[in-house]
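I opened my notebook to record what I looked up in this structure. The entries follow the order in which I went through it.

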Amino acid sequence: MSAPTTTTGDTPMTHRQTLEALSGLLLVLFVAMLSGTVVSTALPKIIGALNGSQTQYTWVVTATLLTATATTPIWGKLADLFNKKLLVQVAIVVFLVGSVVAGLAQTAGQLIAARAFQGIGVGGLQALVQVAIAAMIPPRERGRYNGYLGGVMAVATVGGPLLGGLIVDTSWLGWRWCFFVGVPVAVIALILLQVTLRLPTVRRDNVKIDYLGATLIAAGVSVLLIWISFVDDSFAWVSWQSAAMVGGSVLLLALAVWVEARADEPVVPLDLVRQRTTALAILGSLAVGMAMFGGAVFLGQYFQIGRGYSPTEAGLLTIPMMAGVLGSSIVAGRLITRTGKIKPYILVGAVVLVAGFALLGTIDHETSLVLVGAAMFIVGVGVGMTMQNLVLAVQNTVSLKDIGVASSTVAFFRSLGGTIGVSVLGAVLARRVTEQITTDLAAAGIPTSGGGTGSLNIDAMPAVVQQIVRAAYGDATGHIFLISAAIAVVGVLAAALLKPVTLRTSLDLPDAATSAAVAADAVDGAPAFDQVDVDAVAKETSARR
């Protein structure tokens, strides 16, 4: 049951104002993405400096993704209830605080905790930017703007690793500036949005936020990820610890579904998830989430630890993937706006994504960089054609008043896919690397207790041990990308089952827009155009004349 909705009399934004506000929103998106990519090439150095392990390496990334995933649907629900502009600004402030605390961390544990707090802000930004854009631009036109979103994503993902590499390679800066560097950019975005962003304020009575559902979802996923990280290392697959953690996770998630089915304002509406387009977009987003996060995290580690390149060089070597994202998102976005069709581009992108992962699955510590670059480019093309367009497909099926929860639901499952993907792939990588290093050290006659196999501080190891560790990481990375390819096949199936539709040219669904106008006439005795397709009204008036 939805509470009554009233909209303030805010005047519609002009085209120029829309572009100005869009620039601020894109800057916000850039800041959110930069927080993850800037550390992708720097993490080996950061964890090495803090004497962290491979498990902690994974959790520096997973902690951010987990809290972002858990809070994304809450931010989306709040966007349907309160002022969107204020919520964006609050998310920026949370992100700023988390960035500063992360930069001041003294241990790997402190860094993981700070990154978890930072993820709360990231969750808000990744959901609210989509919501704000959807409130300004109709779905048909939004395809073109998705090209700009893809461009920002590509710049952040290319520039982030490069910037992170340069920071850790510059002695007078140090790795802490990987977290401080986003602070001034976020402040600029905060000021820019205050000046340029103008969105109608929506107020609803008897607001209810499903905190219990969100808590159960976060707890269930967290327990599952903790089990994945420690199973077969701290305890066996078949043990009371495994039974307790897996059983507890299943119980918590089952309770979450029960709560969501009965909540007045569910954080993840089950009726929306049951819709064909939304359900299939969720499946596709899980695969894309793994591609977006897993690729950036483990490729940076592959180039540095597996191949021996510096952080700056590792950032440069990831450019092919981002070039693929940038080019495909812009081209596909413009074609979608021109034709109004979206399914063909999502389907082709999903197939390309599987092909790219399969090719990456063949790499080892001696693979030609040309082949690695070609595989990364193909993966980038797949991500660029699918990621934003899956959100757009869902936004096209819901009314304007539900755009926040719909967008955040897809973003939630995309982040969940990335969280699970990074955690699972990181756990698999850690197991394979440990086994191979132990075997190779024993074959070389080196005691494993002195090999430092659990540390990522490669520079502190003897030359012979360094060579063994690098070969182990280089060879194991290909295996985890084969797993990614297998999971990405689910995205192909989901894309193939999507219903072919033509994107609407109105901000709201026609029926919803008509109902809103009729309701406004009944209450105020005057037309209401805040949720009606203004272009369609203008065309109709012109035809009558």
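Which residues form a nonpolar patch on the surface? I am working from a predicted model. I found that V93, V97, V101 and F117 form the patch, and their accessible area together is about 300 Å².

I then looked up where the patch comes from. Helix 4, residues 84–103, gives the largest share, with three residues. V101 is found in helix 4.

Next I turned to the whole chain. I noted 20 helices and two strands. The chain has 545 residues, and 57% of them count as buried. For the surface I wrote down an accessible area of about 21,600 Å², with 67% of that belonging to carbon and sulfur atoms. I also looked up the contacts in the chain with a separation of 6 or more: residues 24 or more positions apart account for 84% of them.

Then I went to helix 10, residues 240–262. I recorded 23 residues for helix 10. From its first C-alpha to its last, helix 10 reaches 33 Å, which is close to the 33 Å expected at 1.5 Å a residue. I listed the buried residues of helix 10 as S242, M245, S249, A256, V259 and E260.

My next entry is on T196. I placed T196 in helix 8, which covers residues 182–196. Is T196 buried or exposed? T196 has a relative accessible area of 9%, and buried means under 20%, so T196 is buried. I also looked up T196 together with R16. T196 and R16 are 180 residues apart in sequence, yet their C-alpha atoms are 10.0 Å apart in space.

Where does T367 lie? I found T367 in the loop between helix 15 (343–360) and helix 16 (369–395). T367 counts as buried because its relative accessibility is 8%. Which residues does T367 touch, not counting residues up to four places away in sequence? I wrote down Y302, R307, T362 and V372.

Definitions and conventions. Residues numbered from 1 in each chain as written. Predicted model: local features only at pLDDT ≥ 70, side-chain atom pairs only at ≥ 80, totals over all residues. Heavy atoms only, no water. Patch = residues over 30% accessible without salt bridge, like charges linked within 9 Å, V, L, I, M, F, W, Y side chains within 5 Å. Areas by Shrake-Rupley, 256 points an atom, 1.4 Å probe, with all protein chains shown as cover. Salt bridge = Lys/Arg side-chain N within 4 Å of Asp/Glu carboxyl O. Helix = DSSP H or I, 4+ residues; strand = E, 2+ residues; numbered from the N terminus. Buried < 20%, exposed > 50% of the residue type's maximum accessible area, 1.4 Å probe, protein only. Contact = heavy atoms within 4.5 Å. Expected span 1.5 Å × (residues − 1).
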